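Here is a short report on one protein model. Have the sequence and the 3D view open while you read.

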Amino acid sequence: MIAEVLLVLAGHSSSLFPTDHSLHPAFKPLLHPGEEQCLEALGHIASRYRNIKKACATLSRSKSRYVCALCATLNQILKDEYEKLVVDTEAKVLKRDPDLVANGSFVPLSAVRATFAEWDSPLTALETLMNQLQAQKNWQPGPLIDMLLARSKTGVYRIANIISRLSVAVQRVWRSQLSAFLVHGSLASSDPLASEDFTLLDGTMPSCISPQTKESVVYVGRAIATIKAKKWQNQLPREQALEYANLLETVLPEDQYKFDLVISQIRTNVSEWLWLNVLTRKDVEDAVISLASYFLLRNGEFSLALIREIERLKISRLTTRSGAASVIREQDLNLALLRASLGTTAQHDPSLLHLHFELPSGPLRPLLPSLANSKALSSSVVSNSPEVTSFDDLLLGTNLILSYTVTWPLDLFLHPSDLQIYAALFNYLSSLRKTHTQIHTCWTSLSNAQRARRRWTGLGEGGTAEDLEARRELLRCGWGVVRDMGWFLDTLLGYVMVDVVDVEFRRLKDLLGNPSHGRAECVGKYPSSQNIAGQANADPSTYLDFTTLRNIHTTYLERLLTGCLLANPALTAILRPIFEVCERFVAQVERWGGDVLPALLFEGSLAPGGDDRVGAMVQERFQVVSEINESLHKLFNLFYEQLSLSTSQQPFTATGDASKSILMNASVANATTLQRTSIRGKGTKGFEGEGEVRRHVERLLLRLDFNGAFSKPRAGEQIQWEGGIDIL
């Protein structure tokens with residue numbers, strides 16, 4: 001009977017258990033209840049083993065190499081451990097081992113049950129695993145590895161050990177596919193990791209792999225594959241490829257830190273080789289100039305023409321009552337780009353074709369603005385809200401993103417995170433430029449209305465004796481508001497474009513031409529000796545390795561963010577309301593016909609028995625203008641206070657990766673890292689450009705407070721309306 005039991009445990013059928021683990025009824029009267037219980041427990045173990053072997057045989061014919069590897073590893077584990085235990089138990093019985101054979105004459109079923117008890121839980125877990133694998137037809141490597149890693153995190157050691165070995169087997173197969181893609185740029189015909197355009201397929205990456213590592217995998221694989229497809233003159237050296245393959249053999253994706261470190265090291269080395277053999281300095285310089293011209297508005301005539309084209313598009317499309325023409329689509333905005341380039345230096349610039357607008361929220365329709373979410377500007381500024389202030393909806397009225405199409409090999413240098421920073425800078429600068437242009441247009445409108453009115457009123461403002469003084473005070477208040485708006489926007493725009501954008505752009509050009517000045521202050525490693533040896537004929541002062549190039553550009557973007565005040569959430573939360581107040585005043589003047597004073601004939605005289613009185617319209621407009629004036633100066637004072645605090649609290653240091661400060665929707669986020677983090681080496685003198693960035697902000701403070709208006713508030717004359725409202 002013991003031999004029969006051992007055959008059942010080895011996976012053979014027997015009359016003892018006609019169906020599954022149920023004991024044959026004919027044997028039950030012959031057995032003690034304890035023996036019956038032991039036999040049924042052994043039958044459970046044998047049944048689970050047979051189910052697992054059957055499932056392995058079925059899954060081994062799967063088209064997935066990962067499932068086949070799992071089944072092969074599981075069969076080997078069962079053969080080396082479980083089946084070996086069956087054979088060893090039989091040998092002990094035949095040798096009459098005293099640990100198993102009592103008195104050298106009989107074998108207790110309880111002893112056999114105790115011998116195989118250690119496999120009770122593992123076989124149960126493996127049977128559940130096989131059922132889950134069979135329940136799904138197609139298994140991608142990512143979900144399969146995730147499932148195995150999750151199952152291996154258990155408190156039962158034997159279960160954790162077995163499933164961990166299964167997970168390692170699947171990860172090794174996946175690693176071989178990854179190695180072929182990273183080292184040789186080749187993709188398998190079945191279960192490829194990426195598509196033909198080198199986009200990672202869904203389910204090919206385990207969740208334990210970080211997004212940065214995924215992007216690095218695509219970056220390196222696409223670069224190597226493209227070089228081989230184009231049959232480039234210089235191919236990746238064989239020794240270097242072998243080194244990368246050996247590095248990958250030392251890590252598995254379950255060890256996330258080491259895996260990310262190896263992938264990052266491979267990417268850095270491949271980038272250095274590509275910079276020396278594929279990507280030229282001229283390509284980088286042309287791209288930097290193009291991005292600065294269009295995203296940083298260094299091409300002034302084109303940026304102004306683009307703002308006018310978008311305004312013209314809004315008027316022509318959003319003022320019609322109905323029809324297909326009353327919608328602004330992305331193609332309309334892209335056509336506005338081409339129209340704006342006519343007659344400018346951008347007309348014949350080939351890089352203009354790389355620009356295109358995106359509308360994340362879809363086409364824009366002529367809907368009335370919602371007033372439900374409106375709130376007081378002062379409350380929105382004073383409150384310590386964690387919300388990030390963005391400027392991507394001020395130019396068009398809805399979220400608008402300017403994108404730049406990057407082709408190979410330029411995408412080796414420009415990452416998507418860099419383009420998001422450029423898009424955020426464009427939204428901010430274009431909003432500032434648009435508001436500045438509107439204020440100048442409003443100034444022109446008020447001047448023309450003043451000249452036209454003085455033809456009839458002479459030196460006064462006209463009107464009856466009752467409202468002559470009120471009209472004079474309203475006109476003075478209106479001119480004061482538009483003067484203050486124009487002065488502030490002139491100061492801010494001059495600071496941003498001259499002291500920040502132009503200075504930082506010239507600095508970037510100097511560093512690209514003489515990178516030895518930028519290596520000491522850039523984050524990252526110095527160029528490796530192998531790369532320098534490859535440039536033996538190059539001048540060390542002009543040699544630029546890829547790591548230094550990336551760090552120079554990253555620092556350039558960080559300094560732009562800090563200098564443009566986008567790295568300070570408190571300041572951006574004040575700047576946007578200032579822009580909105582300016583736009584509100586301009587829109588109000590346009591609604592009044594281009595003048596703050598109503599026409600003399602609009603007011604009329606008192607009708608018999610009527611409620612209208614002379615000057616009612618003047619008083620109404622006076623209240624509107626005085627409210628705008630009060631909000632504006634409150635925002636000016638808050639801005640100056642926050643700017644003064646930033647010079648004493650903000651360290652003005654840039655982080656190692658500016659992309660971490662920009663969200664995927666191109667809005668500036670996590671900007672406080674630019675203020676709090678300092679990762680320069682302790683052995684150096686710190687960030688050499690920190691003083692320059694601080695001086696940028698100090699220049700802005702000097703410009704704003706050139707006459708002591710903020711630092712020493714003067715007790716100026718305040719003109720009051722008869723109702724007691726302060727004007728100036």
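Which residues does Leu291 touch, not counting residues up to four places away in sequence? Leu291 touches Leu296, Tyr404, Leu414, Leu419 and Tyr422. A contact here means heavy atoms within 4.5 Å.

This is a predicted model: local features need pLDDT of at least 70, side-chain atom pairs count only at pLDDT 80 or more, and totals for chains, interfaces and linings use all residues. Residues are numbered from 1 along each chain as its sequence is written, and side-chain values use heavy atoms, with hydrogens and water left out.

Leu291 sits in helix α11 (residues 281-294). Helices (H or I, at least four residues) and strands (E, at least two) are DSSP runs, numbered from the N terminus. Leu291 counts as buried, at 0% relative accessibility. Buried means under 20% relative accessible area, exposed means over 50%, and partly exposed lies in between (1.4 Å probe, protein chains only). Phe426 is 135 residues from Leu291 in sequence, yet their C-alpha atoms are 9.9 Å apart in space.

**The whole protein**

The protein has 24 helices and two strands. Of its 728 residues, 49% are buried. Take the contacts between residues at least 6 apart in sequence: 77% of them join residues at least 24 apart. The protein exposes about 35700 Å², and carbon and sulfur atoms supply 53% of that area. Accessible areas come from the Shrake-Rupley method with a 1.4 Å probe; for residues, only the protein chains shown count as cover.

**Helices α3 and α6**

Two packed helices are described by the angle between their axes and the distance between the axes. The axes of α3 and helix α6 (residues 141-152) come within 10 Å and cross at roughly 30°. That makes α3 roughly parallel to α6. Angles under 35 degrees count as roughly parallel, over 145 as roughly antiparallel, 65 to 115 as roughly perpendicular and the rest as oblique. Axes are lines fitted to C-alpha atoms, for helices over the stretch in contact, and angles run from 0 to 180 degrees between N-to-C directions.

Which residues meet between α3 and α6? Tyr66, Val67 and Leu70 come from α3, and they meet Pro141, Leu144 and Leu148 of α6. Leu148 is buried, with a relative accessible area of 0%. Leaving aside residues up to four places away in sequence, Leu148 touches Leu70, Leu129, Ile163, Leu166, Ser167 and Val170. The C-alpha atoms of Leu148 and Val168 are separated by 9.2 Å, and these residues are 20 apart along the chain.

**Salt bridges**

A salt bridge is a side-chain nitrogen of Lys or Arg within 4 Å of a carboxyl oxygen of Asp or Glu. By this rule the count comes to 22.

| Pair | N to O distance |
|---|---|
| Asp88 and Lys84 | 3.0 Å |
| Lys314 and Glu311 | 3.3 Å |
| Arg576 and Asp393 | 2.8 Å |

Asp88 and Lys84 both lie in helix α3 (residues 65-94), four residues apart, about one turn of the helix. Asp88 is partly exposed, with a relative accessible area of 31%. Lys84 is also partly exposed, at 46%.

Lys314 and Glu311 share helix α12 (residues 300-318) and are three residues apart, about one turn of the helix. Lys314 counts as buried at 17% relative accessibility, whereas Glu311 counts as partly exposed at 21%.

The side chains of Arg576 and Asp393 also meet in a salt bridge. This pair links distant parts of the chain, 183 residues apart: Arg576 is in helix α20 (residues 569-591), and Asp393 is in the loop between α14 (377-382) and β2 (401-404). Arg576 counts as buried at 17% relative accessibility. Asp393 counts as partly exposed at 23%.

Arg48, Arg113, Asp120 and Glu127 are linked in a network of salt bridges.

**A nonpolar surface patch**

Leu335, Leu338 and Leu353 make a nonpolar surface patch of about 300 Å². Patches are made of residues with over 30% relative accessible area and no salt bridge: like charges are joined within 9 Å, nonpolar side chains (Val, Leu, Ile, Met, Phe, Trp, Tyr) within 5 Å. Is Leu353 buried or exposed? Leu353 is exposed, with a relative accessible area of 68%. Leu353 is found in the loop between α13 (330-341) and β1 (355-358).
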